[in-house]
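Good morning, colleagues. Please bring the sequence and the structure up on your screens, and I shall take you through them briefly.

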Amino acid sequence: MINLEPLIYDKTSPGRRGVRFPESAVPHTDLPADLVRQDLPLPELSELDVVRHFTKLSQLNHGVDIGFYPLGSCTMKYNPKINEETARLAGFAGIHPLQPVETAQGALHLMYLMQEFLKEIGGFAGVTLQPAAGAHGELTGVLIIKKYHDFNGDTQRNKILVPDSAHGTNPATSAMSGFKVVQIKSDERGNVDLEALKAECDDTLAGFMLTNPNTLGLFEENVCEVSEIVHQAGGLMYGDGANMNALLGISKPGDLGVDILHYNLHKTFSTPHGGGGPGSGPVGVVEKLVDFLPGPLVAVQDQGGEDVPPYYNFVTPEHTIGRMKAFHGQFGVIVRAFTYIMMHGAQGLREVSEYAVLNANYLMALVKDAYRLPYDRVCMHEFVVEGRWPEIEGVHALDISKRLMDFGFHPPTNYFPLIVREALMIEPTETETKETLDEFAKALLQIAEEAKSNPDVLHQAPHVTPIGRLDEVKAARNLVLCCGVPWLDND
Amino acid sequence: MFHPHTDSDREAMLKTIGAGSIEELFEAIPEDLRFPELDLPPIHTEMEARELLQDISEGNETQRDLPMFLGAGAYNHYIPAAVDFILRRGEFYTAYTPYQPEISQGTLQAIFEYQSHVINLTGMEVSNASHYDGATAAAEAINMGRVILRGKRSKAVVSPGVHPQYRETIHTYVDNDSFDIQGEDLDLTAGPEALYPLIDENTAVVMVQYPDFFGRVYDYTELAEKVHQAGAILAIVANPLASALLKSPGEFGADIVCGEGQPLGIPLSYGGPYLGILATREKYVRHIAGRIVGETQDEEGKRGYVLTLSTREQHIRREKASSNICTNQGLMALAATVHISLLGKEGLREVANLNYQHAHYAAKQISEIPGFEAWSDQTFFNEFVVKCPMPAGKLNDLLLEEGIVGGYDLGKDYPGMQDHLMVAVTEMNSKSQIDFLVEKLAEVSRD
């Protein structure tokens, strides 16, 4: 078992140095005496101390490079190493966001192509690369909905509908943009309940936020009807693209009636999750919404000609909702996703989704006799089972999750979606072998057996991790949120 | 491509599922909308993709090709080799949000240390685990100020010295309802006193930048008093590197500090991914957006770290959450944590001082060129504005012909400032680069 690592503030030694900088070669200017900072309470370590510290910390993590990571809704697929190389090319990593566009034509070319690729994959007329993450893309989309209705004088449209299976970001985003949020229940097949939807479709409807496949991993069988009902009521269809890993080359959301969709480049297009970001959440829209996109977008200014490449520039759409962040989006993430698309082409992307769906259905088939499936249908790229057995009291999804760690697996997403009791949401992704899925299923089946025969082994799990279950109540009650801060006396 | 299936794997798996083909798994999709042909470039092998991306990247001129004196919110700084060495550890970059603390202590402890570094640099008491970038952190700070005052106050006072793109982002975030932003049209040459008359009992937040967009460094102590007398929140957009040398925003009495963490070990990378810093006072901890890591222990009393105060967040509060943020900039926060740890107390001061020295040398040399003069005599850190004898845009074009990327043309954002060039000088701009700039400025302005 790997030992825990002391805090970096506990390893400091006054006078010890890491990196040094050259002496100043210019004539000295005095510092402004009244504004100079007196105390800078940061740690002092050698370079080796620092490298060892963070290397040891890294060893306390589970990652895709270490083992299976079937975290539902997060698409923890393999992050190709070539992406890390291309994003670090000097011509990408060393360019300033405000340098003259004539000195950054490579970057604009790449961004332009990426806009085009995402338009093609999703079936849209325009794409902005600016949003920094999925939730940020959602905010962009909902602000577009708002602006579109306001522009048309439909200011009474103040209601956004979300299915009860939606990601928590959907209602939070809608509320953040000033909309009223109304939840629509799912029917007995896990689809949007059409009658419940119709009942809410009136002239205050601004839009509907659909995740498809939904968070149960099911393709929304009524998607075309849902789109039609929403459109007839004057609403816009927002698509949460978190689950696009099921649809590449399988179906275009734009064809299914989705007007706005955010992509998660860090899920579908293999850019690393980084321990929680950076993500990237480009947004695609249909023709009538292109003028509302946040600027700047990359456009061809001059087509060029034989032996003359096109010349690109930034443009701001006429009725733009405004800027969503500084500069042009998470460019380094976009380079990685671009590399991934280039390595797949149309055929490869379709295979990504085909094998993601094959893997999920295979794993589901292996475990569905031991774990209850709330909706017994062909799933898409992920599926949800109940992490409980009515006849066994006191065993929870959390216990199953913790026990999975003993087998070297990252647990599935648990307790989401909220409409399934003790939910375990499992997304294997296409990059896992049959052997890994077999091993994981074997572990799940053993755990189901243990739940009956020896539930304590579940309750006490995990057994092999560097630290046991942590007291989250204590963390929230006695807040300790930093260390080594002299004015807080928190050591 | 990265799926590992052999033909026999596929057949065996389909058999287990009970399906005849993979296509059969997609029957829920309307048949006429199934399997569209995608018009995308052909498949590139890794070798071909590497070559292609290399070619595209060479369509850009980098900091190594041309000396650059551009800042305006993104700065070219030296990044020690060990930073990227740590970032490339798969255990860090192929993990996700640490929902399962038993197998995520590496990420969690690194964030806890990040929070500590940010608090120490900014002089605050609480930091979140990071935000998308400086602009979104600023928008979130305005939002936070409104929430702290329970939405009862309907305006923010924002200095025109706050980054123009941050202000645009703030407008995008808050313009959709009855919330007013004042102060952006004030006289640019005025100091923070110009904001005082706008601060009243209806003001939720006052936002200034430190150093401001034009590079000027003000003591905001008196501003903080005025803001607090009015019962409002003071938010300071700060460059964290400047705070290694100069008084921290916390020392002035800021309630919220937000800003761009890119100067702390993050490459320019054409504007992203960067790092949003968001920090506040203990009393506002329940109003800060984003994830926070706290210390606790396991059943045996071992110290460990978890995500905490999650009842503030969207996945619990859904439509009642104050922000929708979930993913942050984890790996960028790690970069900053490693960078700060490597430079440490002395290294960070040393590099901040180098910035100060080089920038002041450049400012002095430029203001001695006939026709050029300093726009402000206010204290500055590593960026300053010079009034030029011709439009800054034209000057930049002439400099580019000489192989220099000049400064930022302020006319782009501020009408009437067409003749003003904003010059950033960091430790990466050597004395000879600065002398070259001065020589060329003199030459092209004389012709």
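For 491 residues, a compact globule would have a radius of gyration near 23 Å, and chain A of this predicted model comes to 25 Å, so the two agree. Along the principal axes, the C-alpha atoms of chain A occupy a box of roughly 75 × 70 × 45 Å. Within chain A, 58% of the 491 residues are buried. Of the contacts in chain A with a separation of 6 or more, 72% are between residues 24 or more positions apart. The secondary structure of chain A consists of 13 helices and 12 strands.

I turn now to the interface. How many residues of chain B are in contact with chain A? There are 167, and they meet 173 residues of chain A. On the side of chain B that touches chain A, helix α11, residues 330-367 of chain B, gives the most, with 23 residues. By class, that side of chain B comprises 75 nonpolar, 57 polar and 35 charged residues.

Finally, let us consider one strand of chain B. Strand β11, residues 383-387 of chain B, has four of its five residues buried, and is therefore largely enclosed by the rest of the structure. Strand β10 of chain B, residues 373-374, pairs with β11(B) in the antiparallel sense through two bridges. There, B:V386 in β11(B) is the bridge partner of B:A374. Strand β13 of chain B, residues 420-424, also runs antiparallel to β11(B), and five bridges join them. In β13(B), B:H420 stands opposite B:K387.

Thank you; I welcome your comments.

Conventions
Residues are numbered from 1 along each chain as its sequence is written. Chains are lettered from A and ligands numbered from 1 in the order in which they are written. This is a predicted model: local features need pLDDT of at least 70, side-chain atom pairs count only at pLDDT 80 or more; totals for chains, interfaces and linings use all residues. Two residues are in contact if their C-beta atoms, placed from the backbone, lie within 7 Å. Ala, Val, Leu, Ile, Met, Phe, Trp, Tyr, Cys and Pro count as nonpolar, Asp, Glu, Lys and Arg as charged, and the others, Gly among them, as polar. A residue is buried if 20 or more other C-beta atoms lie within 10 Å of its own, exposed if 12 or fewer, and partly exposed in between; C-beta atoms are placed from the backbone. Two strands pair if DSSP finds at least two bridges between them. The radius of gyration is taken over C-alpha atoms; the globule rule is 2.2 Å times the number of residues to the power 0.38.
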